[in-house]
Amino acid sequence: MLWGAFWAFALFVAACVGLTTAVLELDKRQELRIIRGSRVLVDAVREMEVALQTMVAASRGHLLTGQTQLLESYDRAVTDFREAESLGAQSALDPEDSQLLAQLRGHFEEVRRLTDAQLALFKDDKQDKALEVMLQTSQLRNATPNFGRLIIERIRRSDAAGLQRLGNFRMWGLLIMVLLAILIVAAAAVPVGRIEKSLANEIA
């Protein structure tokens, strides 16, 4: 019977080690998900937003000053947006993130359509019409939500929910370990009681 209690205690220790290992593995996966997924996605969206701002600023600056080097900044911003978009699409695993990226891509296409028209009008010496298009571009930008902020807020909500699930897992794991300890103590009490009874009979 003592051997039974010993093996029960060994099983309890193994269960504790296994549960601790599982919790640590979940923590590691949570951290890796944030580092490899969420942060990459947030950085990509921020770069896309910066590229959009640069596009608008470069096209507006060229219209107001006529400096041709601003056209190089404009073209580079378009390339930067495309590269950041590709990186963001690879990192967006949540359907909501993919939807927000699609909306940001659509906004980019609309802005580029207006800025390209603005530059073409300026090139054709139609400055008044170019200014009208520039105003339309500003209005479009002001009416569009900050997609980077929306994605960051969604990631924070997702991370909070994940941590909550992990906390629940830890709580249930602790409860299971307490129940196992109670069962082991109860199981060990039986052979100990029998041994005490046997010793008492022998002494008597």
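## Ala-77 and its surroundings

Beyond its neighbours within four places in sequence, Ala-77 contacts Ala-51, Thr-54 and Met-55 (contact: heavy atoms within 4.5 Å). Ala-77 counts as buried because its relative accessibility is 2% (buried: under 20% relative accessible area, exposed over 50%, partly exposed in between; 1.4 Å probe, protein chains only).

## Model and confidence

This is a predicted model, in which local features need pLDDT of at least 70, side-chain atom pairs count only at pLDDT 80 or more, and totals for chains, interfaces and linings use all residues. Residues are numbered from 1 along each chain as its sequence is written, and side-chain values use heavy atoms, without hydrogens and water.

Mean pLDDT (the predictor's confidence in each residue, from 0 to 100) is 78 for the protein, and 60% of residues reach 70 or more. Helix 5 has the lowest confidence, at a mean of 66; helix 2 has the highest, at 93.

## Helix 2

Ala-77 lies in helix 2 (helices: DSSP runs of H or I, at least four residues, numbered from the N terminus). Other buried residues of this helix include Tyr-74, Phe-81 and Ser-91.

## Nonpolar cores

The largest nonpolar core has 25 residues (buried Ala, Val, Leu, Ile, Met, Phe, Trp, Tyr and Cys joined through side-chain atoms within 4.5 Å). Leu-41, Met-55, Phe-81 and Ile-151 are among those with the most contacts inside it. Helix 1 gives the most to this core, nine residues.

A second, separate core of seven residues includes Leu-63, Leu-114, Phe-122 and Val-133.

Definitions and conventions: Helices (H or I, at least four residues) and strands (E, at least two) are DSSP runs, numbered from the N terminus.
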